[in-house]
Amino acid sequence: GVPDQFLRELPKCEHHVHIEGTLEAEQLFQFANRNNISLPEGFPATIEDLKAKYNFANLQEFLDLYYIGASVIVTEEDFYELAFAYFKKAASQGVVHAEIFFDPQSHTSRDVSIVTVVSGLTRACKEAEKKFSITTKLIMCLLRHTAPSECSKTIESAKKYIKDGTIAGLGLDSSEKGFPPSLFVECYEVAKKYNADLRLTAHAGEEGPASYVIEALDLLKVERIDHGIRVADDDKLLERLAEEKIMLTICPLSNVKLQVVDKTADLPLQKLLDYGVPFSINSDDPAYFGGYILDNFYQLSKEYPQWGFFTWGQIVKNSINGSWCDAKRKEDL
Ligand code: ADE
Ligand code: ZN
């Protein structure tokens, strides 16, 4: 193993964090109160009772709670505070570059405009870059459980932000099984047409099969895969990912909390290293899954004691290389 201090000081890049998933229980009640949001019948009344609910049998059980949580985020200031608090926490854990996902449809479906969402997030990005000397990017995700036609509307509503680079990347999240990447080919094509520099990713192979990873690569033309742990079932695919340097954004504590694996030692991480498939280590929905990025690093260090300085150095290098910051910034990191 390696010392905790070494892990703390590694220059980390976060590529997989849903900003709505950084909403701490305390903030959830605070935002609900100040926005006069009434939470649904039977919703836990206290912070303790709410946190006691953070045990999930699968992705869907989590998402059901996550979308209720997102419903308390209303004003530009809410989005700003939420994101700024995340960046502050991340910086304190050694994050030097953070790419954050947001789910506009979970807000626009409640008549919160995409302008409100993006303005608050952008303000937090700028403020955090100044205060913490980090770099940031925004990745807009489409909710795959909604109709592709709804997702197309989201792309239209975000057109100017895609064109001017405010939104740097496009992703795909929410319930995976039964919602294959193939449904979203047109959405990805249209978005890319608005800006050829738009970066593309998609959640695939979290609960869904390795074939969804292949679809995401071949049909959506993504350059990165979020989660992707199911690729371990397919040796040919592992070879391809290594060859094409497709990075997987791995979220160890998430995978355990959503019961995708029993323990992080069951993740195919050694196999990824052996095949030369690059991956980064990320937090997904840290407020709900019991830890931010450094907690994920600690957990892996405990369960992969065979990883020494060299292996950790390689993981961090791969994660810098797979980042969507410019070449100059990568050099500096
Ligand atoms: N939205 C937020 N977290 C997610 C996850 N782990 N998988 C799919 N969609 C999500
Ligand atoms: Zn995710």
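Just after helix 5, Gly94 adopts a positive phi of about 90°. The model is predicted: local features require pLDDT of at least 70, side-chain atom pairs count only at pLDDT 80 or more, and totals for chains, interfaces and linings use all residues. Residues are numbered from 1 along each chain as its sequence is written, with chains lettered from A and ligands numbered from 1 in the order in which they are written.

Helix 5 covers residues 76–92. Helices are DSSP runs of H or I with at least four residues, strands are E runs of at least two, and both are numbered from the N terminus. The expected span is 1.5 Å times one less than the number of residues.

The buried residues of helix 5 are Asp78, Phe79, Leu82, Ala83, Tyr86, Phe87 and Ala90 (buried: 20 or more other C-beta atoms within 10 Å of the residue's own; exposed: 12 or fewer; partly exposed: in between; C-beta atoms placed from the backbone). They span an arc of only 160° around the axis, and are therefore on the same side of helix 5. The arc is taken over directions from the helix axis to the C-beta atoms. An α-helix has 3.6 residues a turn, so residues three or four places apart point the same way.

Glu189 lies in helix 10. Glu189 is partly exposed because it has 13 C-beta neighbours inside 10 Å. Glu189 and Leu220 are 31 residues apart in sequence, yet 7.6 Å apart in space, C-alpha to C-alpha.
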